[in-house]
Amino acid sequence: MKTSNMKKKQKSKNESEDNKFNFDNDYFIGTSDNKKEKINENGKSNKKHTSDTFGKLHEENKVNNKKIIEKERKNARRKMITRIVLLVLILIFIFVCLAISPIFNVEDIEVKGNSKVSSERIISVSEIKKYKNMFLFKKSSATKKILQTESYIESVKIKRNIPNKITIYVEEREPILQIKLEDDTYVYVNNQGYVVQFSENKLDKVPVIKEVETDLINLKTKENTIRLNENDLNSIGIILKIMSIMKDYEIDSYIEGFDISNTDDLIIFLNQKNKKVHFGSCSDLNTRILYLKKILEDTKNEKGEIFINGNLNDDYIFFRKEV
């Protein structure tokens, strides 16, 4: 009996041990995500299913993050738009307050830099009114009106001096040449070929130009600023160079006028014994004017014509005395 009991105990112990280490039907606790992983019949775990699940969760997280970022951007845009609208409303409110406040009504208008055109004329042309709010007129519009109407005015700058003063700064054109017309009137022109005035009076010590192409008689009644045509502008450019070089050689005070009817033979009229200079095509200006200065020094008391219009290397430079 004892032997039989011992065999039963031994058999029961063996069955208990076999059951304890049977891997075919057991489950283990995973170390990464604390989920149970079943071991299949071949002893391999079902890891593919876990990897697919993790991938899906990752994609879902990416989509959710993208939605959150997009929502934050939309909120930021709304805030920015709201701020801009508020700023515009504030600026409009400030402008309205300035426009209706009598504190900013113009009490004084001052013009600076003018000598040829009166201050009253400039203020009238600008259409800036006293006792009107200083913010209700456009400076660009007033500037344009002055420049288009007054040919003497070259540039304009308007400044608002808060609370109630306007200052108009102008720069005037200076007439350095005058054109004699067929009706014996004169047109004053500045160094850029702009007509600054039509007048019956001849300016002193300002050279006279004869025979221009621009039809100035028919333009005399034109209110807007007038400029000479391109050919006359080119001729004036040459004249200005001659005047500048003659000034360097201290003989510019002799200049009486110019005849630009023939661009290949510019003629200069001098007040030294009514001399007439055939200047040619105006090449080698410095050399020609040096010859001119020497001849003037040698013929101070003689009337006649000076010829420096040829080729300086081949032709003669000479003075022909008036008989």
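**Note on the sheet, its helices and some backbone details**

1. P163 lies in the loop between β4 and β5, where helices (H or I, at least four residues) and strands (E, at least two) are DSSP runs numbered from the N terminus. A cis peptide bond joins I162 and P163, with omega about 15 degrees. The model is predicted, so local features need pLDDT of at least 70 and side-chain atom pairs count only at pLDDT 80 or more, whereas totals for chains, interfaces and linings use all residues. Residues are numbered from 1 along each chain as its sequence is written, and side-chain values use heavy atoms, with hydrogens and water left out.

2. The strands β3, β5 and β4 form, in that order, an open three-stranded sheet with mixed pairing; two strands pair if DSSP finds at least two bridges between them. At the edges are β3 (108–112) and β4 (153–161), each of which pairs on one side only. Neighbouring strands of this sheet are turned against each other by 15 degrees on average, direction ignored. The strands β3 and β5 (residues 165–172) run parallel and are joined by five bridges, and D108 stands opposite K165 in β5.

3. Helix α3 packs on this sheet, touching β3, β4 and β5, and its direction makes about 115 degrees with that of β3. Helix α4 also packs on the sheet, touching β4 and β5, with its direction at about 150 degrees to that of β4. Contact here means heavy atoms within 4.5 Å, while axes are lines fitted to C-alpha atoms, for helices over the stretch in contact, and angles run from 0 to 180 degrees between N-to-C directions.

4. The axes of α3 (residues 119–126) and α4 (residues 139–149) come within 8 Å and cross at roughly 125 degrees. That makes α3 oblique to α4 (under 35 degrees counts as roughly parallel, over 145 as roughly antiparallel, 65 to 115 as roughly perpendicular and the rest as oblique). The residues making the contact are R121, I122, V125 and S126 of α3 and A142, K145, I146 and T149 of α4.

5. Two residues other than glycine deserve a check of their backbone: E211 has a positive phi near 65 degrees, and E250 has a positive phi of about 60 degrees. E211 lies in the loop between β9 (208–210) and α5 (216–219), and at 53% relative accessibility it counts as exposed (buried is under 20% relative accessible area, exposed over 50%, partly exposed in between; 1.4 Å probe, protein chains only). E250, in the loop between α6 (230–248) and β11 (255–259), is exposed with a relative accessible area of 67%.
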